Amino acid sequence: MAPRWPGAAPPEDAGIDRLRRAARSCEGCDLYRDATQTVFGDGPDDARLLMVGEQPGDTEDREGEPFVGPAGRLLDRALEAAGIDRSQVYVTNAVKHFKFTRAEHGNRRLHKKPSRGETLACRPWLLAELDAVRPDLVVALGATAAQSLQGPEFRVTTQRGRLLDLDIEGAPKPYRFLATVHPSAVIRLSGDEREEALARFTADLRKAADAIARSR
């Protein structure tokens with residue numbers, strides 16, 4: 001069966017700046033029609049840690065930067081607790097446009113999970129980012145990010161926090177890989193449940209920090 005969308009078409013062998021410019025006009029799937037703008041990755045182009053989320057949220061869509069909304073603030077808190085300098089991390093998303101639905105009352109935009117087809121259409125951008133940055137470790141935040149790289153059978157619930165190999169055909173090198181939850185999953189909880197989830201999320205990030213330290 002032919003794909004529903006043409007998919008992304010990044011320039012070959014391009015650096016992050018060129019990729020970011022090219023992504024602004026991406027029409028690889030229909031999500032560009034309603035989103036404010038493409039939200040590309042951000043961070044050092046030689047980062048040793050690359051983190052992948054699902055998609056930009058409402059704040060990110062408006063500001064054009066990844067992880068600057070509530071989930072980003074919680075991620076910052078967990079990174080600091082894990083001893084990881086956010087400014088040294090390259091952060092991006094599996095899908096570069098905000099997918100949403102309108103609230104029944106009012107004009108509020110509500111997050112809607114991207115489909116597998118939309119994730120696949122955007123995957124060439126993510127692979128191009130990996131090729132440009134060439135990190136020592138890739139951390140997937142949530143199921144969409146993990147499955148965009150490891151395939152649809154991957155389960156964060158059973159493989160969370162484990163250091164794995166990420167072999168991508170044609171990649172310049174094999175990557176180490178770790179999956180954990182998306183910070184938005186922590187935000188949705190309250191009270192003791194949230195604190196317990198945050199502690200576990202932070203523990204996963206400490207494993208990432210240890211893995212990077214051992215790879216020196």
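**Close-up views of a predicted model**

**View 1. Arginine 134, in the loop between H4 and S5.** The model shown here, and in the views that follow, is predicted. Arginine 134 is not a glycine, yet its phi is positive, at about 55°. Take a moment with this one, since most residues other than glycine have a negative phi. With a relative accessible area of 44%, arginine 134 is partly exposed.

**View 2. Phenylalanine 67, in the loop between helix H2 (58-63) and helix H3 (70-81).** Here is another residue other than glycine with a positive phi, this time near 55°. Is phenylalanine 67 buried or exposed? Its relative accessibility is 4%, so phenylalanine 67 counts as buried.

**View 3. The largest nonpolar core, with its 31 residues.** Good places to start looking are Val52, Trp125, Val138, Leu149 and Phe177, which have the most contacts inside this core. At least two core residues come from each of helix H1 (16-23), strand S1 (49-53), helix H4 (116-133), strand S5 (137-141), helix H5 (143-150), strand S6 (164-166) and strand S7 (175-180). The biggest contribution is from H4, which gives 6 residues.

**View 4. Valine 52 and its contacts.** Once neighbours within four places in sequence are set aside, valine 52 is in contact with Thr92, Asn93 and Ala94, and also with Leu126.

**View 5. A second, separate core of 25 residues.** To find your way to this one, look for Val181, Ala197, Phe201 and Ala209, which are among its members.

Definitions and conventions. Residues numbered from 1 in each chain as written. Predicted model: local features only at pLDDT ≥ 70, side-chain atom pairs only at ≥ 80, totals over all residues. Heavy atoms only, no water. Core = buried A, V, L, I, M, F, W, Y, C linked by side-chain atoms within 4.5 Å. Buried < 20%, exposed > 50% of the residue type's maximum accessible area, 1.4 Å probe, protein only. Helix = DSSP H or I, 4+ residues; strand = E, 2+ residues; numbered from the N terminus. Contact = heavy atoms within 4.5 Å.
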